[in-house]
Amino acid sequence: MERRLAAILSADMVGFSRLMEADEVGTIERQKAYRTELIDPKIAERHGRIVKTTGDGLLVEFASVVDAVESALGIQQAMAEHEAATPEDRRIQYRVGINLGDIVIDGDDILGDGVNVAARLQEASPNGGLMLSGVAYESLGNLVDAEFEDGGRQQFKNITRPIQVWRWMSDATLPTAKPANADEPLQLPDKPSIAVLPFDNMSGDPEQEYFADGITEDIITALSRFRSFFVIARNSTFAYKGEAVNIAEVGRELGVRYVVEGSVRKASNRIRVTAQLIEAASDNHIWAERYDRDVIDIFDLQDEITETIVGAVEHEIGGIERIRAAHKRPENLEAWELFQRGMFHVLQMNRDGLETGVDLLQQSIGKDPSFAEAHAHLAFTYLHQVFLGTTDDTENALSKAATHTHEAIKHDDNSSLGHEMLARLLCFQHRHEEAIAAAKRAILFNPNSSSANFALGFAYFAADRCNEALEPTNRAIRLSPKDHRHYNHLMIKGCLLNETGQREEGIKLLREANSLPHRDYRAALALARYTSEAGLMEEAQRAATRVMEVMPDFTLRFFESNFGAFIHPDYVERFRPHISHLGFPE
């Protein structure tokens with residue numbers, strides 16, 4: 001059975017049955033004319049192969065996503081122009097879905113998961129627009145002159161995994177303006193805006209109302225501690241309590257981009273809490289989860305579920321905002337978007353990403369010198385240039401990190417992030433006890449911040465107090481189990497477990513960290529050290545080879561100066577003998 005990778009375009013006419021009922025002959029004639037004069041030529045221009053047609057749709061195979069998207073854009077833009085003068089109830093429009101995937105060749109037909117996903121995307125596409133899968137969108141790069149909107153991860157019928165989607169709509173498909181006397185929607189803030197609607201009590205027991213309300217209030221309070229979020233106050237969201245709400249309308253009335261909603265159901269000694277994060281304007285479900293727990297201590301349970309939901313929401317929104325900014329045209333970027341685009345590059349954790357991140361974060365501060373979060377993350381970037389050995393001027397990078405850390409705290413002394421960066425900076429100054437105190441202060445300002453808890457674990461680790469480092473590190477992982485920093489979390493925890501005598505589990509975590517996508521040498525070096533210490537010499541040698549592949553200029557001298565820049569000398573002394581015989585250059 002032949003297979004190949006292809007770009008698949010699935011198109012379908014909107015309201016075909018309605019149009020046929022109103023004017024059967026006219027609809028068929030117009031459709032044929034468009035196929036002959038517009039649609040088929042646009043497909044041929046981009047070397048597409050029409051696999052099959054139905055009464056109101058078609059399936060097309062392209063060799064590249066760029067060809068598929070250019071073809072679809074040409075069709076949709078031309079259709080919008082030709083139909084602009086047609087009354088809306090008689091207008092011919094198409095929905096188009098495009099996917100990049102593996103297909104099975106069956107004669108002239110194509111089958112398989114890649115085709116199924118394209119068909120589901122087409123069904124969810126805006127009228128007159130396109131919907132792309134995440135893998136198709138990523139392959140476009142900057143090769144197509146069109147702006148796509150992040151549609152989040154969506155679940156489709158008969159597709160078990162969630163699919164990341166991106167949308168495009170022509171100007172002609174955008175909603176028409178409201179009359180001048182209509183209520184104007186509130187302008188969205190310049191940072192992620194969230195409303196938490198009252199969780200529904202599904203138990204049929206009025207006594208459980210307090211628990212549902214308590215969960216809602218705790219989530220609002222916890223999200224409000226993230227200075228990067230704009231969170232609607234309780235009194236406004238509780239106005240919707242007990243009502244059947246339209247999420248898009250809630251978003252418009254409250255002026256927010258995201259809405260959190262959920263429910264609580266208690267039966268006997270079990271309780272189930274569901275929660276979901278929704279992009280208000282599109283009604284797209286970004287994230288959803290269900291929590292089933294035994295009721296032991298109701299207040300501890302309330303805290304646990306709140307922490308878990310808040311960690312997931314913070315992680316999902318952060319990722320979406322970074323992607324949104326990363327794909328917006330540079331000339332339209334403001335301070336917040338420059339910050340998010342900068343972080344998109346910083347989190348690549350390689351030389352180019354860190355350098356690009358520095359430039360974008362500096363631009364963000366240039367537009368808003370009092371932007372505390374941008375100062376804090378610029379300090380983070382300079383510290384990681386030192387940490388990963390991607391700077392040629394360590395002293396200058398540390399000096400700039402100190403400057404921006406103090407600027408972050410000066411502009412917002414209650415910022416958890418500012419004090420978290422101070423903790424990291426103090427580690428690089430070997431002021432470990434002060435670093436621990438600064439990290440604790442960061443947690444005081446935001447107990448639900450995964451990164452603040454990880455900073456405390458890192459400070460204890462740097463002070464060579466590994467037993468004490470485990471608890472905040474575990475808490476950081478619990479608060480954000482799908483974090484983009486998961487590689488780093490696993491690596492540090494693996495080191496901590498090895499240092500505290502839990503060697504088997506520690507090496508297992510380091511192996512897992514090494515299996516994750518990353519672009520630096522640290523997890524491989526840690527695995528080399530601890531497998532060497534455990535007598536697993538073949539594995540240690542393989543890990544050492546991996547270090548040199550990732551960082552060809554790695555030397556033992558670099559290790560001592562790099563690790564010695566932030567961590568207790570006793571740790572460095574214990575570490576070096578176990579890697580010195582693995583063939584690393586001096």
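Two residues are in contact here when heavy atoms of one lie within 4.5 Å of heavy atoms of the other. With that idea in hand, the structure, which is a predicted model, can be read piece by piece.

A look at the whole protein comes first. Its secondary structure comes to 23 helices and 14 strands. Of its 586 residues, 54% count as buried. Contacts can also be sorted by how far apart the partners sit in the sequence. Among contacts between residues at least 6 apart in sequence, 64% join residues at least 24 apart.

Helix H12 (residues 372-387) packs against helix H14 (residues 416-428). Two packed helices are described by the angle between their axes and the distance between the axes. For H12 and H14 the angle is about 25°, and the axes are 9 Å apart. Angles under 35 degrees count as roughly parallel, so H12 is roughly parallel to H14. The crossing of H12 past H14 is left-handed. On the H12 side, the residues that meet H14 are Glu-373, Ala-376, His-377, Phe-380, Leu-383, His-384, Val-386 and Phe-387. Their partners in H14 are Leu-417, Gly-418, Met-421, Arg-424, Leu-425 and Phe-428.

Strand S11 (residues 230-231) runs parallel to S9 and is joined to it by 2 bridges, with Ile-194 standing opposite Val-231. Strand S12 (residues 258-267) pairs with S9 in the parallel sense as well, over 3 bridges. In that pairing, Ala-195 stands opposite Val-259.

Finally, a single residue is worth a visit. Cys-495 lies in helix H18 (residues 486-499). Why does Cys-495 count as buried? Its relative accessibility is 6%, and buried means under 20%, so Cys-495 falls in the buried class. Leaving aside residues up to four places away in sequence, Cys-495 touches Phe-461, Leu-510, Ala-526, Tyr-530 and Tyr-571. Ile-507 is 12 residues from Cys-495 in sequence, and the two are 8.1 Å apart in space, C-alpha to C-alpha.

Definitions and conventions:
Residues are numbered from 1 along each chain as its sequence is written. This is a predicted model: local features need pLDDT of at least 70, side-chain atom pairs count only at pLDDT 80 or more; totals for chains, interfaces and linings use all residues. Side-chain values use heavy atoms; hydrogens and water are left out. Two strands pair if DSSP finds at least two bridges between them. Helices (H or I, at least four residues) and strands (E, at least two) are DSSP runs, numbered from the N terminus. Axes are lines fitted to C-alpha atoms, for helices over the stretch in contact, and angles run from 0 to 180 degrees between N-to-C directions. Angles under 35 degrees count as roughly parallel, over 145 as roughly antiparallel, 65 to 115 as roughly perpendicular and the rest as oblique. A crossing is left-handed if the near helix is turned anticlockwise from the far one by less than a right angle, and right-handed if clockwise. Buried means under 20% relative accessible area, exposed over 50%, partly exposed in between (1.4 Å probe, protein chains only).
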